[in-house]
Number of protein chains: 4
Amino acid sequence: MHRDSGQPGRTCTVDFRVRYNECDAFGYLHHARYWYYLEQARTELLRESGVRYRDLEEQGYFFVVYDARIRYKRPIRYDELVTVHVRVERIGPMRVDHAYEIRRDGELTTEAATTLVCVGRDGKPRTMPETLWSAE
Amino acid sequence: MHRDSGQPGRTCTVDFRVRYNECDAFGYLHHARYWYYLEQARTELLRESGVRYRDLEEQGYFFVVYDARIRYKRPIRYDELVTVHVRVERIGPMRVDHAYEIRRDGELTTEAATTLVCVGRDGKPRTMPETLWSAE
Amino acid sequence: MHRDSGQPGRTCTVDFRVRYNECDAFGYLHHARYWYYLEQARTELLRESGVRYRDLEEQGYFFVVYDARIRYKRPIRYDELVTVHVRVERIGPMRVDHAYEIRRDGELTTEAATTLVCVGRDGKPRTMPETLWSAE
Amino acid sequence: MHRDSGQPGRTCTVDFRVRYNECDAFGYLHHARYWYYLEQARTELLRESGVRYRDLEEQGYFFVVYDARIRYKRPIRYDELVTVHVRVERIGPMRVDHAYEIRRDGELTTEAATTLVCVGRDGKPRTMPETLWSAE
């Protein structure tokens with residue numbers, strides 16, 4: 001089952017309780033900290049596929065964010081429980097696109113998308129392990 | 001001079017030294033933390049116009065990020081000095097668009113753009129002080 | 001049961017998965033971010049007692065940290081699962097002392113202690129709700 | 001002059017403008033984020049001695065916090081300018097103690113102290129470069 005771990009269409013859902021330290025003076029989850037949730041959701045998506053991101057890094061594969069977009073449709077507040085849905089949109093040997101939705105009680109609060117590039121320890125683009133992107 | 005504080009075309013430049021705590025395991029400035037620099041650059045843009053963002057909040061004007069995009073063209077590393085350029089692209093009674101460039105030794109590392117909406121203490125859209133957006 | 005919510009001896013245990021963004025260039029949980037876990041553990045301790053910290057703040061009770069000590073006996077690394085134990089050591093009308101232990105697979109990694117003071121919206125010390133500190 | 005870079009008594013002073021993202025819902029600098037300022041102050045203390053912390057890490061010397069204490073005597077708020085004073089209290093081949101004071105307009109707001117241990121890439125204690133701790 002690990003062979004299709006990163007195939008387009010794979011999804012994962014992770015719950016987060018908004019921590020006090022993550023909020024701003026207005027009591028809203030600070031806009032920068034959404035990216036922490038999305039990053040963690042990617043980690044859990046990989047884990048469900050049997051891959052630990054920390055193992056990838058130990059093997060010299062690093063995934064750096066190249067492009068990111070986000071729309072904050074409704075605020076998220078301290079102590080709320082939200083659900084992050086992450087989905088692999090496209091994947092190739094050196095890059096992967098994810099799409100994200102955050103919902104609170106089913107209501108869509110946030111939409112986002114990222115492009116990540118696989119690089120080696122030298123920071124140069126590198127083909128990721130074939131099991132991550134190959135359909136077969 | 002304060003009257004044109006938010007007019008399109010206004011710019012501000014702020015230097016940042018990348019702190020250890022802002023970097024990830026790869027030694028790169030973590031992609032989420034760029035937004036802290038961009039937010040601070042907006043604060044300094046306002047300050048140069050004679051407006052303190054904290055005064056706006058005390059008067060019940062809050063600026064929340066509605067939309068954000070960023071492209072990480074080159075990594076930024078621990079202890080590097082970078083310069084953030086922020087520019088007001090468009091401004092109206094309830095929203096303002098900014099564009100950003102980050103440079104290191106003159107070289108462009110990052111491009112970003114945001115749309116902010118002015119809201120009141122109740123979180124509902126609110127017309128910002130006229131001095132911020134009026135051309136005259 | 002709510003009446004003894006903050007009594008000395010009350011404990012709570014919360015699990016945390018160390019996120020990528022919480023680690024430093026050495027791959028360790030950054031020493032400052034332990035405090036985020038400890039704060040969240042206090043929130044959960046209150047919640048188990050039937051009190052939501054955000055409700056306290058809405059009612060004008062804020063708990064600010066006055067004194068804090070921590071000993072990092074063993075490092076905690078990215079993606080590890082740790083358990084935070086928090087315990088109310090002493091509580092009075094205006095202050096509360098907590099002690100903390102963090103364990104990974106049962107092994108003690110960290111010990112900490114804090115003193116919090118209850119203040120009002122004006123930042124001045126304030127008697128906390130009696131249900132929080134009264135033994136009866 | 002580099003030879004006495006870490007000698008007891010060496011001090012350094014660094015100014016910080018409190019950023020919006022560093023504050024909590026109460027408008028105070030979040031108690032965990034003081035540690036970011038103190039860490040940065042240590043980095044600048046080293047830099048003034050001609051040593052870049054990132055060079056130390058590249059050479060395989062890492063300084064991890066073993067023990068930390070802090071007393072928050074007065075709150076620090078968003079957008080305030082504060083001054084961090086750091087001083088080397090004791091230094092030996094494998095550990096260094098620092099003391100810190102934070103002041104706002106000369107008024108003492110915070111006192112802290114840390115013990116750091118030098119470790120190698122394997123996380124085991126390691127003698128730091130002699131130039132850092134030797135008196136002569």
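Mentor: We shall take two interfaces in turn and set each value against its definition. This is a predicted model, in which local features need pLDDT of at least 70 and side-chain atom pairs count only at pLDDT 80 or more, while totals for chains, interfaces and linings use all residues. Residues are numbered from 1 along each chain as its sequence is written, chains are lettered from A and ligands numbered from 1 in the order in which they are written, and side-chain values use heavy atoms, with hydrogens and water left out.

Trainee: What makes residues of chain A and chain B count as in contact?

Mentor: Contact means heavy atoms within 4.5 Å. By that rule, 27 residues of chain A are in contact with 27 residues of chain B.

Trainee: What is the area buried between chain A and chain B?

Mentor: Buried area is the accessible area (1.4 Å probe) that two parts lose on being put together, summed over both. For chain A and chain B this is about 2,300 Å², with 58% given by carbon and sulfur atoms. A:F26, A:H31 and A:Y66 supply 25% of the area that chain A buries against chain B, more than any other three residues.

Trainee: Why is the link between B:D67 and A:R71 called a salt bridge?

Mentor: The term requires a side-chain nitrogen of Lys or Arg within 4 Å of a carboxyl oxygen of Asp or Glu. The closest N and O atoms of B:D67 and A:R71 are 2.9 Å apart, and the pair therefore qualifies. The rule finds two salt bridges across this interface of chain A and chain B.

Trainee: How do you know that β2(A) and β2 of chain B pair?

Mentor: Strands (E, at least two residues) are DSSP runs, as are helices (H or I, at least four), numbered from the N terminus. Two strands pair if DSSP finds at least two bridges between them. β2(A) and β2 (residues 62-72) of chain B have five bridges, in the antiparallel sense, so they pair. Within this arrangement, A:R71 stands opposite B:D67 in β2(B).
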